[in-house]
Amino acid sequence: MSVNTADKIFEDLKLMIGPEAQVSIPSPNRLVITANIDKLEFIANLLKNYGFDHVKSVTAIDYPMKNVIEISYLISSFSNLDLSKTILILKTFIDRNKPTSKSLYKVWPSVEFLEREAYDLMGILFEGHPENAPLILPEDYKGIRPLRKDFKLTK
Amino acid sequence: MEIINLILSMLLHPSIFVPLIFPGLITILIVIILLIWAERKIAAKIQMRIGPLYVTRRLGGILQLLADLLRYMFAELIISKESDKLMFIASPIIALTVTLLPLAVIPAGSLLGIELVALKTSIGLLAALTLSSLTPIFIIVMGWASNNKFALIGSLREGYLMISYEVPMYLSALSVAILHGSLDIVNIVNNQQRIWTALINPFAAFSFFTSMIMSTSRFPFEITESDSELVAGPYTEYSSILYGLVMGVPYMRLYVFTLLFVNLFLGGWYPAINGFSSIILILKVLVILLFSVFLRSVYPRYRLDQAIRIGWHSLFVLSLISIILSLLIIGCGGISGC
Amino acid sequence: MKMVLPKSQNSEKEIELFIGPQHPASGHMRFIGRVDGDIFTKFIPDPGWVHRGIEKIAENRKWIQIIPLVERAAILDAANMNIGYVIALEKLLDIEAPPRAQYLRTLLCEINRITSHLYGFGIAGIMIGSSTFYMWPFADREPLIDIAQLITGSRLTYSYMIPGGVRRDLPQGFKEKALKALKYIERRLNNDYFRLFFDNPVTKARYKGVGVLKKDDAIKLGIVGPNLRASNVKYDVRKVEPYAAYSELEFDIAYREEGDCYARLMVRVEEIRQSIKIIRQILNKMPQGPIIHKKYERLISLKKLEEYQKTGVFGLPAIFATLRPPAGEVISRVEAARGELIFHIISTGDLRPYRLRMVTPSFRNMVLFRELISGARVMDFPAIYGSIDYFPPESDR
């Protein structure tokens with residue numbers, strides 16, 4: 001049953017998004033959309049109209065060797081029972097030396113504190129976010145952002 | 001011999017005996033030590049734990065408060081630089097003093113036909129109530145002098161509450177005065193020889209009792225010093241011996257009000273044979289005190305606007321009803337007539 | 001000082017309060033609010049005082065060493081943090097625990113849910129001033145913690161679940177003791193708690209109609225857990241994506257429609273009742289069998305194998321020290337006591353994870369402080385705080 005629902009969502013999304021981004025199913029109930037940063041808000045609005053109404057996590061992953069930072073939004077739904085069984089990963093890649101990205105706050109207000117945590121711990125500036133301010137670290141912390149791979153934990 | 005006779009006769013004269021020894025200063029200190037211990041023990045028994053046990057273990061930890069007071073005396077007195085130093089130090093002392101003032105007009109028993117009262121006046125009830133209204137003013141001054149935002153909010157709450165419980169208290173006392181035809185507390189007690197006021201006019205008793213709970217910060221009206229929101233309300237900045245004083249003020253107020261309540265509504269020292277009148281009075285006072293502190297284990301605390309609403313919607317209306325009831329009984333022919 | 005509120009219009013009338021970490025009502029976190037008379041005009045939470053960097057430390061620990069690490073995020077709820085991580089790791093390793101192990105895992109998770117909710121009740125009670133309702137739930141956690149000690153050997157941080165199964169089997173005479181403890185909790189909950197606190201007119205006056213969260217706002221803000229279910233959204237991970245033994249057990253989702261503080265408390269009461277029902281079913285239906293996957297059972301030494309068959313305690317095989325799951329990316333979600341817990345792990349086939357992302361339910365609920373308390377009275381702040389069941393160490397990780 002669940003595999004059918006994920007397949008159906010997969011087909012619908014491929015039709016809606018078309019050539020703008022790549023859609024794939026890596027495992028049951030998990031879909032991945034890889035998109036360019038300019039198309040991010042457009043795809044987000046499409047997903048919201050389809051029924052995905054909140055974001056569970058904003059994961060920022062540092063790849064110093066490839067010189068990119070990957071931002072993954074984990075999206076799902078509370079109100080739609082079929083969609084709530086799947087988690088959709090919306091991935092985008094940004095340059096590690098110029099870490100700015102577009103905020104999805106206007107589409108999903110639930111990203112507010114999650115994006116702020118990514119700003120605080122990884123140093124990504126989200127344009128359009130109402131308040132790019134530190135959340136967890138002390139306000140006067142200056143130095144390498146902790147989740148970067150160059151920040152070494154000393155024993 | 002002469003000197004000892006002179007001192008003894010001075011001490012035993014009612015106007016010294018009542019405010020100083022019984023039921024005045026010395027009795028208050030003993031009662032408060034036992035009362036706070038009883039409060040903690042009752043709460044502990046209900047909450048499935050033991051309570052104070054370390055000091056005087058064989059007596060069940062009864063002298064715990066004495067140990068606490070000794071500790072307060074040795075703690076460092078910290079006065080913040082930006083506080084109003086004179087009022088900061090003076091207001092707890094003044095608050096404690098004015099809390100004890102109503103004891104001058106409250107009788108405490110009768111011995112061989114002479115009532116044991118310091119000042120026999122014909123407006124005793126009015127004097128007692130008016131003197132008791134002085135304490136909240138100094139509590140508000142305490143919060144202002146501390147120069148601390150949380151203390152300020154606590155003072156404001158005390159101010160709001162003050163205007164909500166004073167009116168029902170005065171009106172209930174007025175209805176008792178109408179019923180017995182006199183403002184002299186001694187006359188009111190003597191008039192209750194056959195039946196207590198609380199049984200004739202229960203509305204007045206209830207509204208006076210609830211206003212009393214509201215005025216001395218007993219649960220569910222412990223709003224001034226709600227210690228899970230404002231750290232201790234107006235008393236936040238106090239340390240060392242001043243802290244001991246300010247913590248004692250609500251309890252002393254409770255004791256004075258309970259004396260008044262028992263005299264007005266529960267028949268004072270009747271039924272009593274001559275020598276035991278004071279003992280019966282103290283027993284009644286202890287029962288009411290234990291009930292008031294027992295409420296801590298049962299109720300959470302009300303929100304400020306809900307407490308004010310209770311003061312005006314419920315207690316004010318009840319006290320008006322009690323006045324009408326008193327007037328009806330008087331019109332019907334007095335207590336003996338009806 | 002960067003963490004300030006924006007400038008206000010009538011700064012002469014308003015007081016700015018810092019309800020800081022040194023305060024009886026704040027827990028380990030700070031709140032900044034602006035008070036006008038009796039109303040908070042603006043209120044923001046300031047977390048981060050208990051940040052231990054669990055996500056960063058996890059990049060430096062071997063896979064099996066992360067099990068105690070993620071448990072410490074929320075000590076009250078250790079079993080649920082544990083199972084979230086272990087399910088993600090098992091997805092990477094592509095193995096599944098045997099049925100008896102799944103039932104044992106569910107048993108520990110439900111016990112933890114009850115103790116965590118009782119802790120939440122205690123905090124809610126002391127916040128609005130009822131010291132009796134602070135002592136009673138804390139004391140009533142003891143029978144359940146004793147039960148957990150019988151199963152796992154420790155009172156609060158269990159580290160009980162490992163990839164492939166669990167570490168110990170049930171001792172003799174467990175079922176009678178567990179049923180006795182459950183009967184005690186049920187009697188206390190249904191009789192004493194209601195008479196003292198939930199039916200107390202003062203409690204109802206403080207909680208009813210206060211801090212109302214509407215259904216659309218709850219979905220839009222991404223709220224999870226009993227707070228979401230009290231606003232008429234019937235979402236529970238144990239029904240949406242069943243894990244452990246939940247697909248074989250019968251229970252209902254507790255929900256309410258009003259969305260105020262009283263509804264949130266009542267949802268927790270109902271969840272405790274449902275957890276008791278689940279534990280009784282587990283004790284009746286527990287299947288026999290091994291408690292660890294056969295792949296790992298074959299890998300321990302002969303002496304440890306004899307000890308395992310005699311006492312039911314499974315010593316970890318040496319392979320766990322050099323565990324290298326295949327490369328990949330997994331997401332797992334479980335229903336912790338306070339809401340939905342998400343683990344997002346990226347592995348490159350190495351001894352240590354490349355990235356471990358953990359989103360705890362308290363972190364997602366933190367926005368409720370700003371939304372519900374701005375515009376509410378000053379004395380509503382402890383009532384709302386107690387009803388949200390926010391746990392600062394879980395939120396800061």
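Colleague: How far apart are the nearest C-alpha atoms of chain A and chain B?

Modeller: This is a predicted model, in which local features need pLDDT of at least 70 and side-chain atom pairs count only at pLDDT 80 or more, while totals for chains, interfaces and linings use all residues. Residues are numbered from 1 along each chain as its sequence is written, and chains are lettered from A and ligands numbered from 1 in the order in which they are written. Two residues are in contact if their C-beta atoms, placed from the backbone, lie within 7 Å. Chain A and chain B do not touch, and the distance between their nearest C-alpha atoms is 24 Å.

Colleague: Of the two pairs of chains in contact, which chains share the most contacts, and how many of the residues of chain C on that side are nonpolar, polar and charged?

Modeller: The pair with the most contacts is chains A and C. Chain C brings 29 residues to this contact and chain A brings 27 residues. On the side of chain C, two or more residues come from each of helix H1 (54-58), helix H8 (215-221), strand S7 (339-347) and strand S8 (355-359) of chain C, where helices (H or I, at least four residues) and strands (E, at least two) are DSSP runs numbered from the N terminus. With Ala, Val, Leu, Ile, Met, Phe, Trp, Tyr, Cys and Pro counted as nonpolar, Asp, Glu, Lys and Arg as charged, and the others, Gly among them, as polar, the side of chain C that touches chain A has 15 nonpolar, six polar and eight charged residues.

Colleague: Which classes make up the side of chain C that touches chain B?

Modeller: Here 25 residues of chain C are in contact with 22 residues of chain B. At least two residues each are supplied by strand S1 (15-19), helix H4 (99-127), helix H5 (132-152), helix H7 (201-207) and helix H16 (380-388) of chain C. By class, the side of chain C that touches chain B is made of 15 nonpolar, seven polar and three charged residues.

Colleague: Which residue of strand S5 (residues 87-95) of chain A stands opposite Val32(A)?

Modeller: Strand S2 (residues 30-34) of chain A runs antiparallel to strand S1 (residues 22-27) of chain A, with four bridges between them; two strands pair if DSSP finds at least two bridges. On that side, Val32(A) is the bridge partner of Ser24(A). S2(A) is also joined to S5(A), in parallel, by five bridges. There, the residue opposite Val32(A) is Ile89(A).

Colleague: Which residues form the covered face of S2(A)?

Modeller: In a regular strand the side chains alternate between the two faces of the sheet. In S2(A) the uncovered face has Arg30(A), Val32(A) and Thr34(A), and the covered face has Leu31(A) and Ile33(A).

Colleague: At which residue does helix H14 (residues 304-331) of chain B bend?

Modeller: At 1.5 Å a residue, the 28 residues of H14(B) should span 40 Å, and the end C-alpha atoms are 39 Å apart, which agrees; the expected span is 1.5 Å times one less than the number of residues. The buried residues of H14(B) pack against helix H8 (149-180) and helix H11 (202-215) of chain B. A bend is the angle between axes fitted to the seven residues ending at a residue and the seven starting there. H14(B) bends by about 30° at Leu315(B).

Colleague: Is Leu260(B) buried or exposed?

Modeller: Leu260(B) is found in helix H12 (residues 240-265) of chain B. A residue is buried if 20 or more other C-beta atoms, placed from the backbone, lie within 10 Å of its own, exposed if 12 or fewer, and partly exposed in between. Leu174(B), in helix H8 of chain B, is partly exposed because 19 other C-beta atoms lie within 10 Å. Leu260(B) has 24 C-beta neighbours inside 10 Å and therefore counts as buried.
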